[in-house]
Amino acid sequence: MEADSICGIAVTSNVLIVAGLMRSPESQNAGETMSIITKTFPLNATTRIPAVGFGTFLINQEEAAAAVKAAIGVGYRHIDTAAVYANEDGVGEGIRTGLKNNGLAREDIFVTTKLWPGFSEWNEVPKSREQTRNEFQASLKRLGLDYVDLYLIHSPHGGTQRLEQWKALLDIKEAGLARSIGVSNFNLSHLEEIKAAGLTMPEVNQIELHPWSQKPALLSYMKEHQIAPIAYSSLAPLSTWRTGQESAKSADMLAESQIFADLATKYGVSEAQFLLGWGVQNGFAVLPKSLNPERMRQNIDFGGLEISEEDMQFILTLDRGNGIAWSVGDPTQVK
Ligand code: NAP
């Protein structure tokens, strides 16, 4: 699938802005020879997202600066964080050092952060439109940035305030403080709520997507409404995924990881590269997280991988439904 036609968004300009770098459409479409580091997907008429970004969930404030600096050093040009990860200060420091060390400018990096919406069942007060705008400013301050490339509502937990939060994101984009805006963990019903209110639809929905959680009905709705998918927890089927850390992964799932080991061997790549390649081949931007320098490099080095149609069809049969990244259950299921 051509990057430029993902989600049916036409790119009309004959010069594309690629994470701040100017590239011709020809170099964008160089196909198989195009490095995975420079591959991007469109989010709106002027904004493209790198196909591979660096995830920072479960990286604490102290580790974040060094990890993000290292990630930029090996070629990542998208950093994904969130207010609730409590590491935005460290991420911001890592971005500044990483850019400086590599002779890069702010426009050369794509930065995503997310609003924690608040959830009444956890004794939190869902944020209002004004509080959302204030939360965004607080994130900018912690990151040390004057704009972000993508701002997301982290999950649909905001309930009665969900539409007010979305209106605040529209305000933020209108003010030029976020180049693109979207949601995360929204299901069809949450997206329909925005549509029914007559509001501009999100440009992005960041959701858990891997062979065990494929969400075909949601993806089909998103394609129809030009909402770009970003995949998180692409590596969930790996036996090394979040060892000893929080998730809803059960012991019986561990036994099924061998399928991916076999497929990876067949294509001469690591299991992680296979799973990330599967995501990108489906048109999903991916966000691998690793604190291990070798894995960090490996996760952005799978450019030549092309999974056969037959194997793509086989993987469709492995879908288990809901995601496992949130220990409380897949957040797309909240009311
Ligand atoms: P992930 O990136 O799919 O997997 C990370 C886990 O896999 C870590 O335990 C890591 O361990 C291990 N790993 C990484 N590369 C590996 C490799 N090449 N070989 C073997 N093991 C490897 O999981 P994730 O952190 O859940 O998701 C990625 C990012 O998506 C997050 O960091 C966050 O930015 C975002 N996210 C968003 C949401 C949301 O609700 N919007 C939810 C979850 C995640 P080491 O660090 O030890 O290498």
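Predicted model: local features only at pLDDT ≥ 70, side-chain atom pairs only at ≥ 80, totals over all residues.
Helices α2 (residues 61-74) and α3 (residues 88-101) pack with their axes 7 Å apart, at an angle of about 30°. An angle under 35 degrees counts as roughly parallel, so α2 is roughly parallel to α3. The crossing of these two helices, α2 and α3, is right-handed. On the α2 side, the contact is made by Gln-61, Ala-64, Ala-65, Val-68, Lys-69 and Ile-72. Helix α3 contributes Glu-88, Asp-89, Gly-90, Val-91, Glu-93, Gly-94, Ile-95, Thr-97, Gly-98, Leu-99 and Asn-101. By class, the residues of this α2–α3 contact comprise seven nonpolar, six polar and four charged.

The axes of α5 (residues 162-174) and α6 (residues 188-196) come within 10 Å and cross at roughly 65°. Angles of 65 to 115 degrees count as roughly perpendicular, and α5 is therefore roughly perpendicular to α6. The α5–α6 crossing is right-handed. Arg-162, Leu-163 and Trp-166 represent α5 in the contact. They meet His-190, Glu-193 and Ile-194 of α6. Three of the residues in the α5–α6 contact are nonpolar, one is polar and two are charged.

These helices belong to a protein chain with 12 helices and 12 strands. The chain has 335 residues, of which 54% count as buried. Among its contacts between residues at least 6 apart in sequence, 73% join residues at least 24 apart.

Phe-284 is placed between α10 (271-281) and β12 (285-286). Its relative accessibility is 5%, so Phe-284 counts as buried. Residues up to four places away in sequence aside, Phe-284 touches Phe-41, Ala-51, Leu-209, Leu-219, Pro-229, Ala-231, Trp-278 and Gly-279. The C-alpha atoms of Phe-284 and Gln-206 are 9.4 Å apart in space, while the two residues are 78 apart in sequence.

The mean pLDDT is 89, and 90% of residues reach 70 or more. Residues 1-33 have a pLDDT below 50. Beyond near neighbours in sequence, this stretch has 65 contacts in the model.

Note on methods: Residues numbered from 1 in each chain as written. Heavy atoms only, no water. Axes fitted to C-alpha atoms, helices over the stretch in contact; angles between N-to-C directions. Helix = DSSP H or I, 4+ residues; strand = E, 2+ residues; numbered from the N terminus. Parallel < 35°, antiparallel > 145°, perpendicular 65-115°, else oblique. Left-handed = near helix turned anticlockwise from the far one by under 90°. Contact = heavy atoms within 4.5 Å. Nonpolar A, V, L, I, M, F, W, Y, C, P; charged D, E, K, R; others polar. pLDDT = per-residue confidence, 0-100. Buried < 20%, exposed > 50% of the residue type's maximum accessible area, 1.4 Å probe, protein only.
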